[in-house]
Amino acid sequence: GSPKTIAESIAQVREVAELAERPRAGTALAARLASAPPPAGPPISALLWQPGEIVAGEATLIAELLREAGFTSHAAARGLEQADAVTLEQVLADPPQVLLVAGDSIGQRHPLLAEGVPALRIAAFDPSLIYCGGPTIPKARARLRDIRANVASSPRAGT
């Protein structure tokens, strides 16, 4: 199955490592997956716009990683749940502070995103960092921390 939390991912890594008869490698990777302390500063509203113009629910691994990186869920604040669709018009009418674009639908690459909302910060987010746990977690964590640092350090930054 696909883990929904960091803790579930750590357990899965250890289980697979045992099955592969590589418990030391599993322990080393599990240590790299342990939760990181949140960054300083106030939370930043973010919308992760996934392939197909949908959003992640709150009970997902990526939602936990977003919270850990100092973001709040713009989707949850609007009552959206797992796989709810969000149109370009909805993003423009009620933008988050940061839009993490992980898809390439027409709306997700529309020029109005960059031009239509001056305060909106847009960052590309590799879809491969959304769904899987294990070794993907440090990569997703690093990308989210980079995005947050760029947003926090500039009034408007395309990252």
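**Entry 1: basis.** I worked from a predicted model, in which local features need pLDDT of at least 70, side-chain atom pairs count only at pLDDT 80 or more, and totals for chains, interfaces and linings use all residues. Residues are numbered from 1 along each chain as its sequence is written, and side-chain values use heavy atoms, with hydrogens and water left out.

**Entry 2: salt bridges.** I took a salt bridge to be a side-chain nitrogen of Lys or Arg within 4 Å of a carboxyl oxygen of Asp or Glu. By this rule I found 3 salt bridges.

I looked up R141 and found it paired with E68, the closest N and O atoms being 2.5 Å apart. This pair links distant parts of the chain, 73 residues apart: R141 lies in helix α7 (residues 136-153) and E68 in helix α3 (residues 61-68). Helices (H or I, at least four residues) and strands (E, at least two) are DSSP runs, numbered from the N terminus. R141 is buried at 10% relative accessibility, and E68 is buried at 8%. Buried means under 20% relative accessible area, exposed over 50%, and partly exposed in between (1.4 Å probe, protein chains only).

I next noted the salt bridge of R67 with E58, whose closest N and O atoms are 3.0 Å apart. R67 is partly exposed at 41%, and E58 is partly exposed at 35%.

**Entry 3: A34.** I located A34 in the loop between α2 (23-33) and β1 (44-49). Leaving aside neighbours within four places in sequence, A34 is in contact (heavy atoms within 4.5 Å) with I10 and R141. A34 is partly exposed, at 39% relative accessibility.
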